[in-house]
Amino acid sequence: MAGSGSMHLRPEDERVLSVEELVVEFPAKGGQTVHAVSGISFDLVEGETLGILGESGCGKSSAGRAIMQLPPPTSGQVRLGGEPLTGVGGEKLRQARSQMQMIFQDPVSSLNPRRKVKDLVAEGPRIWGRQVSDDKIREVLDAVGLNPDVVWDRRPHELSGGQCQRVCIARALMLDPRVLICDEPVSSLDVSVQAQILNLLEDTKARYDLSMVFIAHDIAVVKNISDRIMVMYLGKVCEVVPSGRLAKEAVHPYTRLLLESVPTAHLDADQQEQGVPSALSAELPSPLDPPSGCRFRTRCPLATELCAEREPELRPAGDGHYVACHHAEVVAQRPPVATGLVEAGA
Amino acid sequence: MTQSTAQVHPAQAPVTDQPMLVVDDLRTVIQTARGPLKAVDGVSLILRKGEALGIVGESGSGKSVLGRTIMGLHRTEGPITVTGKVLLDGIDVQALERKQLTELWGSKVGMVFQDPLTALNPVKKVGVHLTETVRKHRGLNRAQARERALELLDLVGIPDSRRRIDQYPHELSGGMRQRVVIAMALANEPELLIADEPTTALDVTVQRQILDLLDRLRAELGMALILISHNLGVVAGRTDRVAVMYAGRVVETADARSLFTQPHHPYAEALLAAIPDLDEPPHLRLAAIDGSPPDMSAPPPGCRFAPRCRYAQDDCVAVAPVLDGPGGHLFACHHPVNAGSLPDERGER
């Protein structure tokens with residue numbers, strides 16, 4: 001199994017969320033199929049934040065939505081606290097879903113423009129037929145850093161993007177979820193506001209005992225908030241790595257390419273001009289017809305025949321660190337900073 | 001305070017050749033339903049030939065409007081009022097007739113926008129986008145124009161240009177489209193390229209390719225570059241000098257290295273601190289900037305960053321600070337940070 005495998009999964013009784021052999025496919029014109037997610041597995045233990053990192057088209061959002069059964073995956077198992085979500089429908093799924101809440105990229109368009117903040121926040125429990133006290137709404141608004149007296153009667157267009165994202169988080173919290181799934185929650189926000197929301201998510205997670213799946217394309221953001229990071233490429237998992245070891249110890253050629261591509265504003269005073277290695281020019285292959293074997297091989301400087309023939313499986317590369325690459329050892333021997341990999345291989 | 005931010009510091013003035021671009025006390029005011037909105041409010045800049053200037057700021061800081069006003073895309077017309085001067089290689093852009101302006105575009109200055117798909121006409125082939133401009137500006141015939149188009153596609157690193165030239169924009173990836181847009185901007189060899197968020201819609205690996213391309217082209221063609229971005233990282237490694245904008249004004253400008261390592265304006269410092277650093281351990285609390293940028297139809301008096309600034313004192317609200325400083329590192333702040341690196345008279349903190 002390709003860039004997949006299940007070695008990185010933790011014992012079953014520790015998992016809050018467990019996803020196995022997840023496949024998400026969409027029909028395309030001409031009888032073709034978009035292979036969005038192709039047999040990936042991951043899990044989430046109590047209180048953990050799992051970061052899913054990848055570029056557009058890697059399947060990270062499809063994977064996140066498949067957890068919520070939005071839409072249900074083509075195949076594979078999703079379990080929340082041991083209860084299967086795949087294959088169950090109707091009332092049972094509805095019950096389970098309230099334990100998972102989702103935060104989306106565009107906070108303004110995820111809120112009904114005609115409703116007031118107090119009603120937006122209370123909407124979830126009201127759908128469940130629960131009584132919602134004003135005190136509870138105030139408490140949650142307070143927890144997300146909004147002044148209830150100020151925003152109470154406002155509508156989304158009267159709030160900034162950051163404030164709308166706070167309302168979205170408040171909405172999610174009203175249902176006392178166990179798992180929060182955040183899909184690019186800060187990518188439409190300015191840097192200064194992005195930091196506010198990231199801090200808020202960390203606080204919220206601690207205060208409400210949440211576990212979190214954090215999906216984003218920004219490496220530094222994902223690294224900062226996650227305990228464990230899963231790097232995806234074209235529907236497959238490349239690497240699973242504890243976030244503290246991402247920058248220095250990542251060994252998948254794709255992860256290294258990502259790391260080398262990040263432009264940084266954190267220059268050291270004595271550092272020379274950024275050594276920017278020449279990037280790989282190859283294009284992202286089509287998810288309609290992904291490459292055989294390792295899907296990254298068409299852009300990988302280390303690719304060999306083996307990579308075309310056999311799909312690499314996730315295997316250990318250190319404590320809690322797993323990589324799906326036939327040549328990870330070669331990468332591991334190269335210096336962790338820039339240039340080495342791309343130039344030597346090209 | 002009208003004049004305060006307008007002064008061009010003598011240290012910045014080039015001694016020898018004519019500068020590529022001089023922007024002097026530029027103001028772009030847009031009439032809106034809620035009153036006049038001062039999108040650009042007294043910006044002065046000098047750009048030497050071949051130099052790369054980065055303009056960074058958050059949304060609403062006026063950086064895009066500034067770029068478009070320099071181009072002459074915004075001029076005193078309809079709801080827009082432009083005052084101040086833009087001298088592009090000595091030519092007063094705002095004083096030009098519309099027809100003269102179109103001649104200037106392409107040959108003197110080219111522009112690359114954020115979204116490559118909307119910058120291209122979906123029903124025209126790649127080649128047409130490129131031949132159109134060179135035929136108009138240079139009077140080439142059909143065959144010559146096509147040769148020039150192929151040359152341009154090769155220049156911006158599009159592989160298999162003979163096939164690509166007859167494709168439509170939707171058949172190209174985002175990165176390829178942005179290369180085509182850059183090729184269009186370069187078709188008539190401008191001396192200045194203004195790139196407004198050229199990589200924001202692109203993935204990080206593609207972003208690097210496009211930034212590398214801009215670097216290479218600048219070196220090969222010797223053109224000046226204004227790189228506008230909200231991403232400080234994008235600007236950090238790619239420009240000689242950087243201007244940080246906040247609420248319509250430049251609050252700090254310096255050579256890229258000193259700005260990123262020794263910022264003096266609290267906003268520049270806070271902006272840098274708010275970005276997570278890849279080399280730090282996870283779960284570090286980020287230094288967020290409280291509040292949000294001001295409403296530009298009613299900006300606060302004095303220093304516009306004062307309401308969000310943790311160093312703000314009474315004088316910040318009373319008097320707008322002047323953009324000034326030693327040795328080309330200019331900042332508009334009464335209480336600069338990292339003051340240790342400043343000469344004594346300003347090192348008050």
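In what sense do E9(A) and strand E10 of chain A pair, and over how many bridges? The points below take this up. The model is predicted.

1. E9(A) and strand E10 (residues 236–242) of chain A pair in the antiparallel sense, over 6 bridges. Look across the pair at one position: A:Met230 faces A:Val240 in E10(A). The hairpin of E9(A) and E10(A) has 2 residues between the strands, and A:Leu234 takes a positive phi near 50° there.

2. E9(A) also pairs with strand E3 (residues 49–53) of chain A. This time the strands run parallel, joined by 4 bridges. Here A:Leu53 stands opposite A:Val231 in E9(A).

3. Strand E9 (residues 228–233) of chain A has 6 of its 6 residues buried, so the rest of the structure largely encloses it. Check both faces. A:Arg228, A:Met230 and A:Met232 are buried on one side, and A:Ile229, A:Val231 and A:Tyr233 are buried on the other.

4. Now a sheet of chain A. It is open, has 4 strands in the order E2-E1-E4-E5, and pairs antiparallel. Strand E2 (33–45) and strand E5 (83–84) stand at the edges; each has a single partner strand, so one side of each lacks a neighbour in the sheet. Strand E1 (residues 15–27) of chain A is joined to E2(A) by 10 bridges. Among the facing residues, A:Phe26 has A:Val34 in E2(A) as its bridge partner.

5. Last, the surface. A patch of negative charge gathers A:Asp134, A:Asp135, A:Glu139 and A:Asp142. A:Asp134 lies in helix H4 (residues 134–143) of chain A. A:Asp134 is partly exposed, with a relative accessible area of 45%.

Methods. Residues are numbered from 1 along each chain as its sequence is written. Chains are lettered from A and ligands numbered from 1 in the order in which they are written. This is a predicted model: local features need pLDDT of at least 70, side-chain atom pairs count only at pLDDT 80 or more; totals for chains, interfaces and linings use all residues. Side-chain values use heavy atoms; hydrogens and water are left out. Patches are made of residues with over 30% relative accessible area and no salt bridge: like charges are joined within 9 Å, nonpolar side chains (Val, Leu, Ile, Met, Phe, Trp, Tyr) within 5 Å. Accessible areas come from the Shrake-Rupley method with a 1.4 Å probe; for residues, only the protein chains shown count as cover. A salt bridge is a side-chain nitrogen of Lys or Arg within 4 Å of a carboxyl oxygen of Asp or Glu. Lys and Arg count as positive and Asp and Glu as negative; His and the chain ends are not counted. The place of a charge is taken as NZ of Lys, CZ of Arg, CG of Asp or CD of Glu. Buried means under 20% relative accessible area, exposed over 50%, partly exposed in between (1.4 Å probe, protein chains only). Two strands pair if DSSP finds at least two bridges between them.
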